[in-house]
Each structure stands twice: as structure tokens, then as C-alpha cells.
Amino acid sequence: MKTWMRRCFIIMLFLSLAYFAWGQLYLPSESRIDLRNTCELFLDGWMQELSDGTLVPAHIPGDIKYEDNSDRIVIINHVPTDCINGEGITVKSYLQNMDFYLNGELISTYRPDASRIREKVPPMYWVFAPLAGAKAGDEIRVELSSSYPDAMRKVREIYFGNEIGFWIYQWNVNKLEASTTFVMLILSLLILILTFIVYLNHRNFLRMGYLGIGVLVTSVWMFCNSPLRQLFMHNVTVASDLAFLCVMLIPIPFSFYFNLLQGRRYEKAYSVLIIFSILDFIIENILVFSRVCDFRDNALIINGFLILWVLILVGTIFIDIFTRRIRDYFVTGVIMVIAGALGGLQSLDYIYNAADFNISATSFILMTLMIVAGLDGYHEVIKVNNERQSAIIASKMKSEFLANMSHEIRTPINAVLGMNEMILRDSKEDKILSYSRDIKASGNMLLSLINDILDFSKIESGKLDLVPVEYDLKRLVKELVVIVRNRVEEKGLDLSVRVDPATPRNLLGDENRVKQIALNLLSNAVKYTDAGEIGLKVGFETTDGNDIFLVISVRDTGKGIRHDDMDKLFDSFSRVDQKKNRNIEGTGLGLSITKRLIERMDGDIQVESEYGKGSKFVVKVRQGVISNVPVGKFNLDSEYDEHAEEKTLDFVAPGARILVVDDVPMNLKVFKGFLKDTFMMVDEALNAREAINFWREHKYDIVFLDHMMPDIDGIECNKLMHTPENVGLNADTPVIMLTANAMAGLKEQYLSSGFADYLSKPFKPQSLQSLVIKYLNSGKVRTVGDNRKYHFPIDHVSGLYNYVGDESFYEKMLKDFVENDRRDNLKSALKVKDYDVFRKTVHELKKNSEAIGAVEFRDLSILMEDAVKNGNFDYIEYAFDEYILKYSELLEFADEKH
């Protein structure tokens with residue numbers, strides 16, 4: 001059933017109850033009830049006074065003679081002989097105004113106009129006229145008038161006694177109906193409370209909740225039509241209105257209930273009925289509140305819809321009887337047929353006999369239905385709970401499986417991509433570099449598939465967090481171009497990038513998720529486009545506040561999307577046009593994840609597509625604005641850097657010492673290789689026990705600790721390292737979790753377990769180096785030029801400049817540098833730990849290497865010299881092999897040059 005139908009019903013129910021509450025609180029009272037206790041029928045002795053003064057017998061209850069030339073009917077009687085002070089007469093008024101006289105003196109008047117806001121016709125009402133000071137034999141005169149002549153001549157029960165006695169009498173007469181109505185109200189409320197509790201715990205709305213609402217509305221209808229309503233309600237007219245409103249509402253919740261109970265087999269019929277009920281509710285209220293007519297005038301139509309619903313419901317139940325589907329809800333169906341039939345008959349009874357309407361049979365049947373539905377609800381609750389437990393177990397098993405797969409797959413990917421990254425950084429052969437970039441592209445594609453599955457799992461579990469940070473939009477667009485351009489060029493496509501120059505450059509938002517959204521759209525565009533162009537457009541729209549909507553548009557000239565496939569475009573694990581796109585890789589999760597990310601970021605996504613001609617995706621996500629400095633002109637060629645992803649950070653930290661713990665030796669090699677140009681000391685441990693021994697013996701600046709290790713895992717190892725007997729030198733050392741597990745909620749688990757941060761495998765050199773800079777003491781970090789600019793050990797131009805361009809003299813200095821080989825001196829000095837000789841030798845090499853233009857080796861010599869001065873002899877031992885290797889390469893190169 002449509003959601004808007006449920007919402008319409010809720011609004012209509014709320015308005016009806018709000019109107020009732022307002023009327024009872026703010027309109028004048030129509031009730032005057034005193035606490036006394038005598039009452040008896042007062043039907044004998046009544047005479048009708050005709051217009052000429054003649055008295056004729058009046059038969060009460062019954063129809064009184066009506067004179068065409070008269071605007072009222074007058075009946076007369078005398079006070080009974082046993083009258084006591086405080087008693088009076090009570091008359092049932094229906095569509096009648098009343099005046100009461102005692103011995104010719106007006107003692108009471110009933111004019112309900114002041115208590116109503118719009119109806120022409122007053123409802124049925126018990127009018128009590130006190131006979132204060134009356135004596136036996138005094139004349140009682142009652143004058144009746146009405147705008148409805150047929151109603152004016154109808155005189156119903158008349159009682160003599162006090163008010164409390166009258167209501168006790170009415171309770172005794174109507175106690176079965178009143179009791180069952182109250183029980184229905186209580187049962188319906190209990191079922192609604194149970195439904196609400198189940199919904200809060202299980203996020204599952206029980207179908208019996210609709211039945212509870214339906215019976216609640218029916219109970220209110222019955223109560224508002226009850227002869228006892230005047231006893232409990234301040235304004236009877238509003239109560240009568242609420243009864244009509246409830247009649248129009250009754251079919252809606254019952255339709256929802258039986259639609260679910262019958263397995264949605266008759267959803268179209270119920271939907272049509274609900275739509276007509278909603279329209280009837282709206283139209284009737286417009287007519288009544290604009291004073292065109294009364295609810296009573298349209299009683300046939302209003303109750304006709306209820307009868308129509310009963311007929312449709314009974315018809316569907318009989319269809320299920322003949323098709324043998326009734327066994328799924330046999331008891332409920334039979335009871336509802338009986339209740340519906342009685343309800344329909346009593347609706348007809350109300351149309352023709354509203355003043356004497358009785359609903360006890362229907363209330364009893366519906367109460368029975370509630371009990372049966374309660375048992376059904378009990379079984380439904382058990383079923384929902386079992387399903388929830390099964391879902392929890394399945395979800396836990398899925399999470400554990402994904403966690404294990406994440407670790408098992410990411411660990412070798414980390415080694416592959418890490419070693420490949422070292423090839424990219426160290427190799428100078430174009431062919432090798434080409435192969436290496438292909439490996440990187442394939443590895444990143446595999447990693448992307450894994451990340452899609454993990455992201456989907458996080459979104460499903462509600463644990464995907466957005467991390468707002470300040471970011472540079474121009475840099476983000478540049479990175480997008482760098483990532484996608486190679487794939488675009490490989491397919492022979494054109495790439496156009498347009499950025500609105502007025503877009504704020506410095507934004508606040510989850511930069512990584514914005515980039516993920518744009519990359520998903522760009523990647524899809526490249527996948528499904530064989531010829532033509534890919535277009536990326538970035539702009540913005542203003543909002544009411546200080547935020548903006550960042551607008552990212554991606555268009556292509558590719559395959560396009562069929563109109564029939566639009567509805568399932570964002571479905572999980574769904575691939576549109578499978579036959580045509582069977583050779584295109586992917587999980588079918590990209591667009592589903594993209595849409596959910598956009599919704600989390602208070603945005604939306606629009607799609608335009610023409611099959612065979614291309615598609616256009618437009619994304620809007622809300623982002624904060626740090627400053628109004630605009631992006632300015634964006635030139636694709638000047639912004640593009642083919643090897644931007646391969647660049648590393650420009651720093652060294654020779655005084656720093658870190659520990660990395662991983663049970664996979666290849667991962668240790670990759671980790672150490674990523675940091676080799678920073679000249680830090682990196683100690684390696686293959687398990688937790690080795691790590692704890694290192695931790696006790698040395699002071700570390702940072703520790704990187706793998707999570708899933710045999711015997712003792714990373715979390716337990718961290719706890720052991722921080723016990724009083726082990727913490728020692730490293731009480732303030734940040735420990736960073738190094739993990740191949742990227743499941744939802746793990747970041748919070750790591751931080752709560754005492755880790756300073758975490759790094760997910762496989763990681764890029766930039767990610768590792770950023771964490772190192774973040775947690776290293778700033779005094780140990782030194783910024784240098786881009787290490788990758790040293791393509792050769794010697795900068796010939798720089799060296800020649802030192803000798804004023806004298807090429808021959810420069811050649812002689814190169815020769816002297818080669819012949820003055822100091823490697824043996826360095827080795828022997830270090831062997832006997834003569835650090836003074838070692839420092840002097842390094843100092844000499846520093847000056848000589850600078851003179852010939854060997855800038856990189858000069859920087860290494862500075863680091864070694866500083867280490868000796870600072871007494872950092874561990875670093876000298878650690879870095880010496882690398883220093884000698886670089887010195888040997890320099891000597892070999894200088895020998896070739898001279």
C-alpha cells in the first residue's frame with residue numbers, strides 16, 4: 001500500500017481528534033448533571049394542546065399530531081404526587097428545541113445553537129428541566145420546535161426524577177454496550193502499545209497495529225453514538241461530529257490490516273477504497289464547515305462508504321474461501337464477516353433510526369476479533385523476534401566473513417601494491433615503469449571492488465561515518481583529473497573539465513566521500529563510453545544559510561540507460577542492460593553506494609539519459625564554506641600532473657625511531673621501503689613477543705602494530721605493552737593500529753582500546769608519511785627539497801657553477817673525488833667506534849660532495865654528521881649501509897663522468 005495513504009489517514013485522524021478536543025474544551029457546556037439518585041419513566045397523563053386550546057391525549061413515546069398552521073407542538077402534564085425537591089423531567093431531544101414551563105412560568109430552555117460552530121441540526125440530546133419548588137399537581141408544559149417538521153412531532157422517552165438517578169438508569173439499560181466499548185478501547189490501546197514497543201525494538205510495524213487503530217476508531221465511533229456520551233462529554237455536538245468523522249476513517253486502517261493479512265492479493269481494491277475514503281473525508285468537511293450542509297444530511301453517503309467497504313471485505317474473504325486461502329486466517333476472517341455484516345446493518349439502522357441507534361452486538365463481535373487478533377499478534381511478535389535473532393546472527397556472520405576476507409585479501413594486496421610502489425619510485429627504465437603502472441591500475445581496481453563491498457556493509461549497518469574536514473576544492477578536482485585521465489586516454493576519449501570560477505575554494509565536508517562520489521560517476525562514464533567525450537563540471541548553488549550545495553555534473557556519450565531500467569539504477573548488486581554490458585567489470589554497488597552517500601550528505605542525485613546516446617548525472621551535496629575565496633580559472637593542462645599520485649612528502653627525520661610489528665615479512669619490507677628516504681630508524685618485529693621486547697629496550701617515537709597476528713593479536717599486545725612492568729620508556733609513545741580490516745565500527749574499537757590512530761592496508765606512501773609527520777615531535781622533522789628530483793647522483797650544472805664554468809678544472813675535481821675513496825676509513829672507524837674520526841671523515845665528504853654537485857649525498861653526510869654530534873650512535877649503525885651504498889653509487893657515476 002502507498003505510504004501517502006497511511007500519511008493521509010494519520011492526518012485525517014489527528015484533525016478529527018483535534019476538532020473533538022477543541023470543541024470539548026472551548027465550546028459552551030451542554031451538560032448539567034447533579035449527583036442525585038431517583039428516576040422513573042414518566043409516560044402517562046400527557047396531553048397535547050392544539051392551537052385552539054383543545055387538549056387531546058398524547059401517546060408517548062410516539063408521533064404527536066402536527067398542525068400545518070403551527071410552528072410548534074405543546075404537551076402538558078402534571079407533577080406526580082410523590083415529587084420531592086430537586087427532581088425534574090428529562091426529555092430526549094432529536095432535531096428539536098425545547099421550552100419548559102411550570103404553572104405557566106418558563107423554567108428551562110434548550111437552544112443548542114450556542115454550543116455548535118456550524119451545524120444546522122442539533123444532535124440527539126437528553127434535556128433535563130429541574131422542577132425547583134414544584135408541588136404535586138402543578139402543571140408541566142413542554143413546547144417543541146424544529147426546522148424539520150417530521151422530527152418536531154416525534155416525542156421519545158420522558159423520565160421523572162433527578163439527573164444522577166437518570167444516568168444510573170441509563171447505565172443499567174446500556175451497560176453491555178458501554179462495557180464492551182470500554183473493553184475495546186483498552187484492548188486496542190494495549191495492542192497499539194505492544195506494536196509501538198515491537199517497532200522500537202525491531203523496526204517492524206506489526207499488521208495487528210493497523211487492526212488496533214481500526215478498532216480504536218470504531219470504539220470512538222460507538223462511544224460517540226452511545227446514549228451515555230452526554231455523561232462523559234462536555235459538548236455533545238462535537239462528539240456527534242466525531243462519530244461521523246470516525247465512520248469515514250474506519251475503512252482505512254482495516255484495509256491496511258486485511259491487505260497484509262491476505263498477502264496483498266487485493267491491494268488494488270483496497271487502495272481504491274482508501275482513496276475514495278480520503279476524498280469523502282475532505283469533501284464532507286469542506287461542505288459542513290462552509291455551512292452548505294450537515295453531516296446528518298449526508299449520512300447515507302458517509303455510511304454508504306462503510307457499507308461498501310464491508311461488501312468488498314466480505315467479498316475478498318469469500319473469494320479466499322473458494323480458493324482455500326482462508327485457512328491462513330480462518331477465525332479472523334469469520335469473525336470479521338460477522339462484525340462487518342453487523343456493522344453494515346447498524347450503519348443502515350443509523351441512517352433511518354439515528355435517535356435509537358444501538359451497537360452492542362457489533363462491539364461484542366469486534367471485542368472478540370481483538371482477542372483473536374491479539375493471539376495472532378502474539379505469534380507475529382514471536383515470528384518477528386525470531387526473524388530478528390536470525391538477522392542478527394546472519395549479520396554477525398556476514399560481518400565476520402567480510403572482516404576475515406578483508407584481512408586475507410588486503411594483506412597480499414598491500415605487499416603487491418607496496419613493492420610495486422617501490423619499483424615506481426626507484427626504477428628509471430620506461431618499460432619497467434609502464435609494466436608497474438599497469439600493475440598499480442589493476443591492483444587499485446581490485447581494491448576498489450573490495451572497498452565497495454565494505455562500504456555497502458557499513459551503510460547497511462548504519463556505521464558509515466562522515467568526517468568533515470577543511471579541503472581545497474581546486475586540489476580535489478585536480479586529483480580527480482589525475483586519477484581518471486589515464487583511463488580516458490587509453491580508450492581514446494576526450495576529457496573536458498569545467499569549474500565555475502566563482503565557486504568557493506576552501507570548503508568543509510567529508511573530502512574523501514565527495515571524491516568517492518565523483519570518482520564513481522566518472523568511472524562509470526568511462527566504463528560505458530566507447531567513443532566521444534567525458535565531461536566533468538563543478539559549480540555551486542547558494543542556500544539559506546552559510547553553506548552551499550556543491551554541484552558535480554558528469555556527462556558522457558556512452559551507451560545510455562533504458563527508460564525501463566531507470567527505477568533499478570540505484571539498486572544494490574544490480575547491473576542494467578546485462579546482456580549488452582556483460583564484459584564490463586564491477587560489483588553493481590557503485591551507484592547504490594553513491595546515492596546513499598549523497599543522502600547522508602543532505603543532497604540528491606538526478607539522472608538524464610537517452611539510450612544509445614549517453615547519460616548525465618548531476619549531484620548536489622551540502623558543504624560548509626570556510627572562506628569565500630573563489631576557485632578562479634581552472635586550466636586542465638596546467639593543473640594536470642601525470643605522476644601526481646606517485647609523489648611522496650618532502651621531509652627527513654634522522655633522529656626519529658619507530659617500531660613496526662607485522663607477522664608478514666613482505667609487509668615489513670614494504671613499510672620500511674616507504675620510509676627509507678626519510679632516514680628514520682625502523683625496527684621490525686614479526687610477532688607480539690618480539691614487539692614487547694623491543695618496546696622494553698628502546699624509546700620509540702611511534703609504534704605501528706598489526707591487528708590480526710597469531711598467538712597474541714594487536715589489541716592484546718597493546719594492552720600488554722602498557723602494563724606497569726612493560727611501559728617503561730614508552731608511556732607517551734603513540735601506538736597506531738596497522739590493519740587490513742576496514743569493517744564498520746573498527747575505528748571506534750581501536751581508539752577505545754588505547755590506539756592513537758589507525759592505518760588501513762593497503763596504504764599509500766603519502767598516507768603513511770602523513771601519519772608519521774602527525775605524530776612525530778616537530779623538532780625531529782626537517783623539510784627538504786623533493787627527493788625525487790635527484791635523477792642522477794651529480795648535478796653537473798651545479799658542480800660546474802662552483803668552478804666558475806671551468807670544465808677542465810671540474811673534471812680534475814671529479815677525478816680527485818674518485819681517487820680519494822674514504823669507504824675503508826669510514827668502515828674501520830665505525831668498527832672500532834672511533835666516532836671522532838668518523839665525524840671528520842663525513843665532514844670532509846660533505847664539503848667535497850657539495851663542491852662537485854652531489855647534493856643528495858651532501859644531505860646524507862649532514863645527517864650522519866649531526867647524528868655523531870647528538871650522540872645518536874644507534875642511528876649511525878642503522879643508516880651506515882645505506883650511506884655506503886649511496887657513496888659507492890656516487891663514486892661509480894663520478895668515475896664515468898671524468
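Hi everyone, and thanks for coming. Please keep in mind throughout that we are looking at a predicted model.

Let me start with the whole chain. There are 898 residues, and 50% of them count as buried. The secondary structure comprises 28 helices and 26 strands.

Now let's zoom in on two helices. Helix H7 covers residues 251–261, and helix H8 covers residues 267–289. Their axes come within 9 Å of each other and cross at roughly 170 degrees. Angles over 145 degrees count as roughly antiparallel, so H7 is roughly antiparallel to H8. And the hand of the crossing? H7 and H8 cross in a left-handed way.

Which residues bring these helices together? On the H7 side we have Pro251, Ile252, Ser255, Phe256, Phe258 and Asn259. They meet Glu267, Tyr270, Leu273, Ile274, Ser277 and Ile278 on the H8 side. By residue type, this H7–H8 contact has 8 nonpolar residues, 3 polar ones and 1 charged one.

Take the peptide bond from Ile60 to Pro61: cis or trans? That bond is cis, with omega near -5 degrees. Pro61 sits in the loop that runs between strand E3 (55–57) and strand E4 (62–63).

Then there are two residues with positive phi to look at. Asn103 is not a glycine, yet its phi is positive, at about 55 degrees. You will find Asn103 in the loop between strand E7 (97–102) and strand E8 (105–110). Asn103 counts as partly exposed because its relative accessibility is 46%, which falls between the 20% and 50% cut-offs.

The other one is Asp602. Asp602 is not a glycine either, and its phi is positive at about 60 degrees. Its loop connects a helix and a strand, namely H15 (590–600) and E18 (604–610). How accessible is Asp602? Its relative accessible area is 46%, so Asp602 is partly exposed.

That's my tour. If you have the structure open, do have a look at the H7 and H8 pair, with its left-handed crossing, and at the cis bond from Ile60 to Pro61.

Technical notes
Residues numbered from 1 in each chain as written. Predicted model: local features only at pLDDT ≥ 70, side-chain atom pairs only at ≥ 80, totals over all residues. Heavy atoms only, no water. Helix = DSSP H or I, 4+ residues; strand = E, 2+ residues; numbered from the N terminus. Buried < 20%, exposed > 50% of the residue type's maximum accessible area, 1.4 Å probe, protein only. Axes fitted to C-alpha atoms, helices over the stretch in contact; angles between N-to-C directions. Parallel < 35°, antiparallel > 145°, perpendicular 65-115°, else oblique. Left-handed = near helix turned anticlockwise from the far one by under 90°. Contact = heavy atoms within 4.5 Å. Nonpolar A, V, L, I, M, F, W, Y, C, P; charged D, E, K, R; others polar.
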